[in-house]
Amino acid sequence: MAPAPPLLWRTLRVFQIYGANTDVGKTVFATILCRTANKIGAGEKTAFLKPVSTGPRDEADDHHIERHAPGVVRRTLLQYDIAASPHAAAKGKSVPPDKELLSKIYQFASGRAVHGPGWLFIETAGGVHSPAPSGITQADLYTALRCPVVLVADSKLGGISLTISAFESLKLRGYDVEAILVFQDSEYDNEQYLRDYFTSHHGIPVASLPTPPAKIGDGDADTKRMKQYYEKVSDSTTARSILDGLARKHQGRIEKLESMSSDAYRRIWYPFTQHKLISPDGIVPIDSARGDFFQTLVPRTGEGSDKDQPVLQSSFDGSASWWTQGLGHGNPSLTMAAAYAAGRYGHVMFAGAVHEPALAVAETLLRGTKNPRLTRVFYSDNGSTGVEVAVKMALRAARLGYGWAASADIGIIGLKGGYHGDTIGAMDCAEPSIYNENVEWYNGRGIWYDYPSVKCIRGRWVVEIPDALRADLGDDQVFESLSSVFDMESRESKQEHRAYEDYIERRLSNQLGKGRKLGALLVEPVVIGAGGMVLIDPLFQRALVKVVRRSANLFGSRHDGISDPAGWTGLPIIFDEVFTGLYRLGRFTAASFLGTEADVSVHAKLLTGGLVPLSATLASESIFGAFESDDKAEALLHGHSYTGHPIGCQVALESMRQMQGMEKRGEWDWAKDSDWSGGLGGQVQSRHGEPEVWSIWPWDLLDWISNQTQSVAGAWALGSILAVHMKAPDGLGYKSNAALRVQSALRHGDGETKWNVHSRVLGNVLYIMGSQKTAQDDIVAIASLVRRALERN
């Protein structure tokens, strides 16, 4: 079930009324705004919505609107008869899921938009953090609706603090507070301080209106006095100016959204984009993001024909924002972690210093990898620079270990299609490809092995052998489940690894026999990402590590005299887990699938849950020791201005805490327990009794895709990734357009419910990536769209 889109239409101006506290006058201000809107908007209609109300029905806020703002359409969605916080009042009563409540709000607003131009004021219950019926705070619940806010300040004693705190809570969650309203009170004069504070610090207008008359206990007299109050105040210049300001904000927001594409087309230089092949229409304005969804601009169908249509739609973030997003956009815990570190530290110098977040992240990573070799953590700012650091570490260790000269030309061992980043050093670790062959300083340094890959074809798992390797490795192998492919022990007992090891060793001996020097093995464990979203036969990578580790005699004679059992042998092994690590494939480390350990490991992307950049390069003590010397020039002279960034580290700590907690609590059991990979009965079980491999993408979807053999060459799913390899008449690889039609169909989406899938392609490969918080019902809905898109292809 896709989330309700934001409440934004061209002619319906929607504003949400929050209070700094309970009993601050939200309903009075809502009544004034409704009455004023009805008076000044010729031919326009005004509506009032109370999503959740507590207390006696005859005292509900919509009754107050009915009595004092006649002609205003009003509705309450949920009414609980106990006058208490909604979560308490709802105990023992029917409590709809949060998505259902948001959907009902959207349906009401959408119905008002159809009636033509007008206003809709949505009044919340209690204060900013008052819980909704489900227990989630309102501030977190309503963020997905992206409603601009009118904040009613507290005019009483202590109200200044409460109002500023409420504002900051809203701001931290991405709300746009467009106006602050407060009652005039000569005793405390909160309005003057708040006006000065919000105008100077945030540029937000503060308007004050007279305090309503106090009740005298006579119902008829009280009603008459309030009627006179409303007639006077709603006709005031202040009330009208408030609405004028809100109307300008509404119009300005839409104009900005609709001009962003053309402005960006003239100003922005996009990554991985041939600008000669794009137009402004191809640039997607993203208004906001929440959970797994962007809120994107709906393309206009014709001038004037879509006035009652929504301006924004929900778009599933199908690339996980380039593989970074794992805990949901706008995750309040990550936001709070970032704000806390920003307030406590900002950024501080890291060389020769330490702060709590950096130390805690290092310890958490080292524990989480369960790799006894790894003892040290070096921080950088992204995956590419993390790999650069790793290569510097490994090559130094190998050079000193074998006594090579500093001027020696040392390469690395890698895999064809492997790609480790866009900085020059990381580029040099990859074979010539579309990513680097036109880069002037590129100089590929290494040898790159071709390898068997894994696809699901016609419902069966196939280990495909490249044609050029069939003489060495034999024919394709077929497995009944993906777990069987990953069962290293069983496959090795059948001697399946022998052909791999013999081939690897022959080629390695041949290259070294030509006088080449190789200083490290660098691979992306299990999945090659940017090189085409390829699932590699894990047995091949395991064999590659084994051969390199046992082949010290091929590389030279060790000169360093180190015999640490946890130290590197043969060559240092680098695992680039920037993409595949930290639960992207369902486990803390991708290396665990291979049953082998790295000497250097690189982590980024999901490390911070998709909020801020940070990378960590983990190394063994034997690698660290290669840089120890009495000469400072022999240290690892590498660093960044923002090394060990406290904000990034604090967010990373919270991100790992959340993901490890989700694993411990079994929050992925719905995927692990599903009928996946041919059924659990056919799967190998891990030591903990869980399926060895699992995915959030249902087996029936993968099975169906794999049988669309007219257009699909094969598919695979693991963890949160679904990859569909399309048949490519124009040739395989990044330049292929074979997946574009399916991508376009996903972007067209479900026109009926107004949501789509924003995805990326890698040539002939369409991939879709969920987060570690993607819900099962969202996966079911996306699976349906994927089926339709492939049927249209």
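View 1. Helices (H or I, at least four residues) and strands (E, at least two) are DSSP runs, numbered from the N terminus. This is a predicted model: local features need pLDDT of at least 70, side-chain atom pairs count only at pLDDT 80 or more, and totals for chains, interfaces and linings use all residues. Residues are numbered from 1 along each chain as its sequence is written, and side-chain values use heavy atoms, with hydrogens and water left out.

View 2. Two strands pair if DSSP finds at least two bridges between them.

**View 3. Strand 21 and strand 22 run antiparallel.** Strand 21 covers residues 600–603 and strand 22 covers residues 615–620. They are joined by 4 bridges. Val600 stands opposite Ala619 of strand 22.

**View 4. The largest pocket has a volume of about 1700 Å³.** On a 1 Å grid over the protein atoms alone, a pocket is an open set of points where a 1.4 Å probe fits, with protein on both sides within 12 Å along at least five of seven lines; lining residues have an atom within 4 Å of a point. Grid points are joined across faces, edges and corners, and a volume is the space filled by probe spheres set on the points. The lining has 40 residues, with Pro271, Phe272, Thr273, Ile278 and Arg760 nearest the centre. Helix 26 gives the largest share, 4 residues. By class, the lining has 20 nonpolar, 16 polar and 4 charged residues. Ala, Val, Leu, Ile, Met, Phe, Trp, Tyr, Cys and Pro count as nonpolar, Asp, Glu, Lys and Arg as charged, and the others, Gly among them, as polar.

**View 5. The second largest pocket has a volume of about 1300 Å³.** Its lining has 45 residues; Asp23, Thr27, Val28, Asp61 and Lys215 are the closest to its centre. Helix 8 gives the most, 5 residues. The lining divides into 15 nonpolar, 16 polar and 14 charged residues.
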